Amino acid sequence: MDINKLIRTNIKNLKPYSSARDEYTGEAMVFLDANENPFNEPFNRYPDPLQRKVKEKIAAIKGCESSQIFLGNGSDEPIDLLFRAFCDPGQDNIVTIDPTYGMYQVSADINDVEVRKVKLNPDYSFSADALLAQADDKTKLIFICSPNNPTGNLLSKSETIKLLQRFSGLVIVDEAYIDFAPGASLLAELNQYENLVILQTFSKAWGMAGIRLGMAFASPAIIQLFNKIKYPYNINMLTQQKALELIEQEADKNQWVELLINERVQLAENLKDFPFVEKIFPSDANFLLVKMHDARGIYDFLVENGIIVRDRSKVVLCDDSLRITVGKPEENTILIEKLKELV
């Protein structure tokens, strides 16, 4: 794949902003380059614009190179950068599955890019051929989310590989929930497919939603392009420091994931006994999609009682369904006990 054929002309010709911290690496004794206040250390200093220490830690646990990692303000930042780097407004388009994570549509709308949606099959599986049939010479990106949000299921690896082999643009696989799934991440395929971009996050399994740190994994050429157009200091010092601290607690993360998977099974068992529950869809994520009689009424009842779930009833293929995040055992018990009042 020749990435230069995909990049927007103005981005290809862009002379990026060079920050003071881009111009050297290593340690210095006196900083007089960035017009910083010399007091209130360490917060008076601009953070590392390339987050080198954090990327080294991530590379070690993910089994990849630091040059294959981009860090963003959540996964939403690399999603937006993909549009800004590759899609000409008003001309290009993307293809994605339906239903799926809503930010692909939002970023497309912000960047004036057409979205071509392909409905999932009734069992929430997808067909690579169906997505490819919607693509044309103006299709730059194909987005899939696996495990998918809001359906919760892991998507077929073989169908995803077919996309990578047959599509001439970029295939973005959003793996925000991959830690809760039985299938392995596609990170192992990163060196084999230059058109593969993988999104992951510290928000779910790692319990770091509050620090807003997302990851994109891709070829060094794509990562360099992201670095070219991102804001100079997109990841602040506090986020970098906290990430370095929490990455050391991988054993805790693994325990949380195991507990939540067990709770997911138990929550599904408890929910299926309610007469208003029609179906609980299989889940490979940290949530359940549950089809119910009067889903909106049940949603309103829960909100009135201080329990917040997500009403997905108006989402395609999710009629009368609530998306319920798996919480702590005591939180799941509160949910079940409150629902018993409706029986």
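## Strand pairing and helix packing in a predicted model

Strand β7 (residues 214–217) is covered on both of its faces, with Gly214 and Ala216 buried on one side and Met215 and Phe217 buried on the other.

**Strands beside β7**

- Strand β1 (residues 69–72) is joined to β7 by 4 bridges, and the two strands run antiparallel; within this pairing, Ile69 stands opposite Phe217 of β7.
- Strand β6 is likewise joined to β7 by 4 bridges in the antiparallel sense, and here Ile198 is the residue that stands opposite Phe217.

**The open sheet of β8 to β11**

- An open sheet is formed by 4 strands, which follow one another in the order β8-β9-β11-β10 with antiparallel pairing; its edge strands are β8 (277–280) and β10 (310–311), each of which pairs on one side only.
- The pairing of β8 with β9 (residues 287–292) is antiparallel and extends over 3 bridges, and Lys279 stands opposite Lys291 of β9.
- Helix α10 (residues 295–304) lies across β9, β10 and β11 (321–325), and its direction makes an angle of about 35 degrees with β11.

**Helix pairs**

- Two packed helices are described by the angle between their axes together with the distance between those axes.
- Helix α2 (residues 52–62) packs against helix α8 (residues 237–247) at an angle of about 30 degrees, and the axes are 9 Å apart; because angles under 35 degrees count as roughly parallel, α2 is roughly parallel to α8.
- The crossing of α2 and α8 is left-handed, and the contact is made by Lys53, Val54, Lys57, Ile58 and Ile61 on the α2 side and by Gln240, Ala243, Leu244 and Ile247 on the α8 side.
- By class, the residues of the contact between α2 and α8 comprise 6 nonpolar, 1 polar and 2 charged.
- Helix α3 (residues 76–86) and helix α7 (residues 220–229) pack at an angle of about 90 degrees with their axes 10 Å apart; since 65 to 115 degrees counts as roughly perpendicular, α3 is roughly perpendicular to α7.
- In α3, the residues Pro78, Leu81, Leu82, Arg84, Ala85 and Phe86 meet Leu225, Phe226 and Ile229 of α7, and this contact of α3 with α7 divides into 8 nonpolar, no polar and 1 charged residues.

**The buried side of α6**

- Helix α6 (residues 157–166) has as its buried residues Glu159, Thr160, Ile161, Leu163 and Leu164.
- The elements that cover these buried residues of α6 include the helix α5 (128–134) and the strands β4 (139–145), β5 (170–174) and β6 (196–201); β6 is also joined to β7 in the antiparallel pairing.

- Asp2 lies in the segment that comes before α1 (9–12), and because its relative accessible area is 38%, Asp2 is classed as partly exposed.
- Although Asp2 and Asn195 are 193 residues apart along the chain, their C-alpha atoms are separated by 9.3 Å.

Notes:
Residues numbered from 1 in each chain as written. Predicted model: local features only at pLDDT ≥ 70, side-chain atom pairs only at ≥ 80, totals over all residues. Heavy atoms only, no water. Pairing = 2+ DSSP bridges. Contact = heavy atoms within 4.5 Å. Axes fitted to C-alpha atoms, helices over the stretch in contact; angles between N-to-C directions. Parallel < 35°, antiparallel > 145°, perpendicular 65-115°, else oblique. Left-handed = near helix turned anticlockwise from the far one by under 90°. Nonpolar A, V, L, I, M, F, W, Y, C, P; charged D, E, K, R; others polar. Buried < 20%, exposed > 50% of the residue type's maximum accessible area, 1.4 Å probe, protein only.
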